[in-house]
Amino acid sequence: MSAELLRLLGNILRVGVIIAVDEKRWLVRVQSGELQTDWLRWNTTRAGAFSLWVPPSMGEQVWLGCIGGNPETAVIIGSLYSSDHPAPGSSLKEIVLTAPDGASFRYDADAGALEAQGMKTAVIKASVSITFDTPVVECTNLLRAKKLDITEGSDMGGDINHSGGSLSSNGVTLHSHVHSGVQGGNSNTGRPK
């Protein structure tokens, strides 16, 4: 086998590290040994009707596939975990996505548990409805709603303050109802009307 053929075969697959990222054009430059690539398109899992944006980062280790062993035809075919960027999970039964600000999304199939944490805000928008079908939905702090419609009863505890508008129970408006049978002195009022 000629030295040139061996060189081409040795270049078919290469491991490198991203040294520059152009997020506007979806391009990266990679250092692989002595080779520094020109700008290359980064790969993605989906880029059709379903599209996924998970941009690469500086220092990320990647696989280069060089068509015919020619590094000038290199394309990035995947990423590799490294000591600088280790795997965020350790189980074969979990999905983990982490972000540079510390936010993470994790689903553990063994525990049947979904966890999203570390973000400052979260917005879910749906044009028709959102359904929580579970025995308990727990809010550990303030719950604010523009409207409230309870259809099967409820219990409340603690102090409840109401202001603005009216509050009624069984047709009786609490702040404007009158009592019948009121007598002066130590007598109690009758039921509200």
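1. Aromatic pairs. The count of aromatic pairs in this predicted model comes to one. Rings of Phe, Tyr and Trp (its six-membered ring) pair if their centres lie within 6.5 Å; planes under 30 degrees apart count as stacked, over 60 as edge-to-face and the rest as tilted. In general, such a pair is described by the distance of the centres and the angle of the planes.

2. Basis of the values. The model is predicted, so local features need pLDDT of at least 70 and side-chain atom pairs count only at pLDDT 80 or more, while totals for chains, interfaces and linings use all residues. Residues are numbered from 1 along each chain as its sequence is written, and side-chain values use heavy atoms, with hydrogens and water left out.

3. Charges over Trp 39. Arg 25 lies over the face of Trp 39, at 5.7 Å from the ring centre. The charged end of Arg 29 also sits over the ring of Trp 39, 5.9 Å from its centre. A charge sits over a ring if NZ of Lys or CZ of Arg is within 6 Å of the ring centre and within 35 degrees of the ring normal.

4. The sheet. Three strands form an open sheet in the order β7-β8-β9, and their pairing is antiparallel. The edges are held by β7 (94-98) and β9 (113-117); each has a single partner strand, so one side of each lacks a neighbour in the sheet. On average, neighbouring strands are turned by 5 degrees against each other, direction ignored. Strands (E, at least two residues) are DSSP runs, numbered from the N terminus, and two of them pair if DSSP finds at least two bridges between them. The angles run from 0 to 180 degrees between N-to-C directions, with axes fitted to C-alpha atoms.

5. The β7-β8 hairpin. Strand β7 pairs with β8 (residues 104-108) in the antiparallel sense over five bridges. Five residues stand between the two strands of this hairpin, in which Gly 102 takes a positive phi near 100 degrees.

6. Thr 98. This residue belongs to strand β7, and its bridge partner in β8 is Ser 104. Is Thr 98 buried, partly exposed or exposed? Thr 98 counts as partly exposed because its relative accessible area is 47% (buried means under 20%, exposed over 50%, partly exposed in between, with a 1.4 Å probe and protein chains only). Not counting residues up to four places away in sequence, Thr 98 touches Pro 88, Ala 103 and Ser 104; contact means heavy atoms within 4.5 Å.

7. Cysteines. The structure holds zero disulfides, a disulfide being a pair of cysteine sulfur atoms within 2.5 Å. Cys 66 is buried, at 3% relative accessibility, whereas Cys 139 is partly exposed, at 42%.

Note on methods
Helix = DSSP H or I, 4+ residues; strand = E, 2+ residues; numbered from the N terminus.
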